Amino acid sequence: ITCYMKPLRQSEVIAPQEAAHLFCNVEIILTEHRNLCKNLWKTQRNWPFLGNVAAVFLDIKQLLTVTSVYVENFKRAVNEVDRLKEENPRFKQFVEATEQEQRQDLPTMLLLPVNRLSQYEFYLKSMLEYMLPNDPERDDYENAAAALAQSSLVVQASWLESGNFASIVKVQQACRSDKGPLDLAHQGRTFIQDFKFKKHYIALFSDSVLIAIKASKPKEFHKVKDILDIGSITVKNDSSKFALCITTNC
């Protein structure tokens, strides 16, 4: 927040909407972590006797909710970093200078708000190892650790889902069609891989193949020629000609 978000917001390097895409709700996450920290400090009031730490973690529903929103936006944020570096020289210069100063790249720093959840789970499980089997607070620790483990699974699933959606959107943003607006983000569709040949751009999805004339310049768009159902085509690799042949089966 201090190194990237605030300086970028206070400058004219990027537009406000672009900053929103990059940093999403990270400030809300920070607020929730501060609330968590405040409640954890309260458990140490009678130190060296420790209060029920697990009970605090059983009451972090809002933190888990806002983190899920952040995770869903993460891949879009990484794509936005790549796009701005390519299209905005001032942003590229700022990021490279800050990364050198902080010795950590921006995408890695964008991961930090999410990594905390797995650390909390680890600490609770570590505390469990020092508790007696009949400790009255043991159930709270086990339940809190299980809840955080489940949240980690949801986060991982969100990573995959948001990553797939962002990959599809990235293909969509790189292409244009003469037939009208291009909408590739269909329910159930999974992006597999894209290929850039000498004259063509191919994007392979779980249910279809997009075929386009490759852009001749970096900032130009690939021109979509057709989108074929995956069940209606045959793909052959002609190694003698170093070519990929796509033919319809109908």
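Colleague: Is Cys24 buried, partly exposed or exposed?

Modeller: Keep in mind that this is a predicted model. Cys24 is partly exposed, with a relative accessible area of 27%.

Colleague: And how exposed is Cys37?

Modeller: Cys37 is partly exposed too. Its relative accessible area is 38%.

Colleague: How many disulfides are there?

Modeller: Zero disulfides are counted. Cys24 is in none; the nearest cysteine sulfur belongs to Cys3, 19 Å away. Cys37 is in no disulfide either. For Cys37, the nearest cysteine sulfur is that of Cys3, at 20 Å.

Colleague: OK, sheet next. What is the strand order?

Modeller: Five strands make an open sheet, ordered β1-β5-β4-β3-β2. The pairing is mixed.

Colleague: Which strands sit at the edges?

Modeller: β1, residues 175-176, and β2, residues 191-196. Each of them pairs on one side only.

Colleague: Remind me, what holds paired strands together in general?

Modeller: Backbone hydrogen bonds, in either a parallel or an antiparallel arrangement.

Colleague: Back to β1, then. Which sense does it pair in with β5, parallel or antiparallel?

Modeller: Parallel, over two bridges. Strand β5 covers residues 222-229. Cys175 stands opposite His222 in β5.

Colleague: Where is Arg176?

Modeller: Arg176 is in strand β1. Its side is partly open: the residue is classed as partly exposed, with a relative accessible area of 43%.

Colleague: What does Arg176 touch?

Modeller: Leaving out residues up to four places away in sequence, Arg176 touches Phe221, His222, Lys223 and Val224. Lys225 is 49 residues from Arg176 along the chain, yet their C-alpha atoms are separated by 9.4 Å.

Colleague: What about β3 and β4, parallel or antiparallel?

Modeller: Antiparallel, with five bridges. β4 spans residues 208-213. Tyr201 has Ala212 in β4 as its bridge partner. So Tyr201 is a bridge partner of Lys196 and of Ala212, by the rule that strands pair through DSSP bridges.

Colleague: How many residues does the hairpin from β3 to β4 go through?

Modeller: Two residues join β3 to β4 in that hairpin.

Colleague: Switching to helices. At what angle do α5 and α6 cross?

Modeller: Roughly 115°. The axes come within 6 Å of each other. α5 is residues 61-87 and α6 is residues 89-102. The crossing is left-handed.

Colleague: Which residues meet there?

Modeller: From α5, Val81, Leu84, Lys85 and Glu87. From α6, Pro89, Phe91, Lys92, Val95 and Glu99.

Colleague: How many of those are nonpolar, polar or charged?

Modeller: Five are nonpolar and four are charged.

Technical notes: Residues numbered from 1 in each chain as written. Predicted model: local features only at pLDDT ≥ 70, side-chain atom pairs only at ≥ 80, totals over all residues. Heavy atoms only, no water. Axes fitted to C-alpha atoms, helices over the stretch in contact; angles between N-to-C directions. Helix = DSSP H or I, 4+ residues; strand = E, 2+ residues; numbered from the N terminus. Left-handed = near helix turned anticlockwise from the far one by under 90°. Contact = heavy atoms within 4.5 Å. Nonpolar A, V, L, I, M, F, W, Y, C, P; charged D, E, K, R; others polar. Disulfide = S-S within 2.5 Å. Buried < 20%, exposed > 50% of the residue type's maximum accessible area, 1.4 Å probe, protein only.
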